[in-house]
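Here are my notes for your read-through. Keep the model open beside you and check each point as you go.

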Amino acid sequence: MSDRPTVEQYLKNIENGDFKAYKCQECGAVVAPPSDACYSCGGTNMEWTAVSGKGTLVSYTVVHVSSDEFVAEVPYYVAIVKLEEGTSITGRLVGFDPLKPEDLEIGMDLVLDYQKGESGKTYLAFREP
């Protein structure tokens, strides 16, 4: 692993089921996905940090029509989840029927998980605690 966080390492961490975010060494903000600068203070001294994996649902959509790569996986949820560390990330929702969005509630508690897609790739996902 390189000393400087990279998008490649970020994706590799997800593939390995070991999600990590960046932490700004200047202001302490936790950010994800990777960026060359802190979203909060603009600082560039960043390092990997573990996160709790706990968050709340901010928004979601159900994908019914996708690119060719994901067509075997439709329908599925894509959601934005705000982690308790303050950053928001995008992931799939698992354990919910994508044909019953009424079962979801904005602000509901979720925990980080992973989902292996039909493509063989591992995605960030969230489920009920």
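**Notes on the model**

1. Start with D97. D97 is partly exposed, at a relative accessible area of 35%. The label follows from the cut-offs: buried means under 20%, exposed means over 50%, and partly exposed lies in between. Bear in mind that this is a predicted model.

2. Where does D97 lie? Look in the loop between β6 (88–93) and β7 (109–116).

3. Take one pairing in detail. Strand β1, residues 21–24, pairs with β3 in the antiparallel sense. How many bridges join β1 and β3? The pairing runs over 4 bridges. For a place to look, find A21: it stands opposite T49 in β3.

4. Stay on strand β3 and find M46, which lies in it. Is M46 buried or exposed? M46 has 8% relative accessibility, so it counts as buried. The cut-off for buried is under 20%.

5. Last, compare sequence with space. M46 and R4 are 42 residues apart in sequence. In space, their C-alpha atoms are 7.3 Å apart. Trace the chain from R4 to M46 and check both values.

How values were computed: Residues are numbered from 1 along each chain as its sequence is written. This is a predicted model: local features need pLDDT of at least 70, side-chain atom pairs count only at pLDDT 80 or more; totals for chains, interfaces and linings use all residues. Side-chain values use heavy atoms; hydrogens and water are left out. Two strands pair if DSSP finds at least two bridges between them. Helices (H or I, at least four residues) and strands (E, at least two) are DSSP runs, numbered from the N terminus. Buried means under 20% relative accessible area, exposed over 50%, partly exposed in between (1.4 Å probe, protein chains only).
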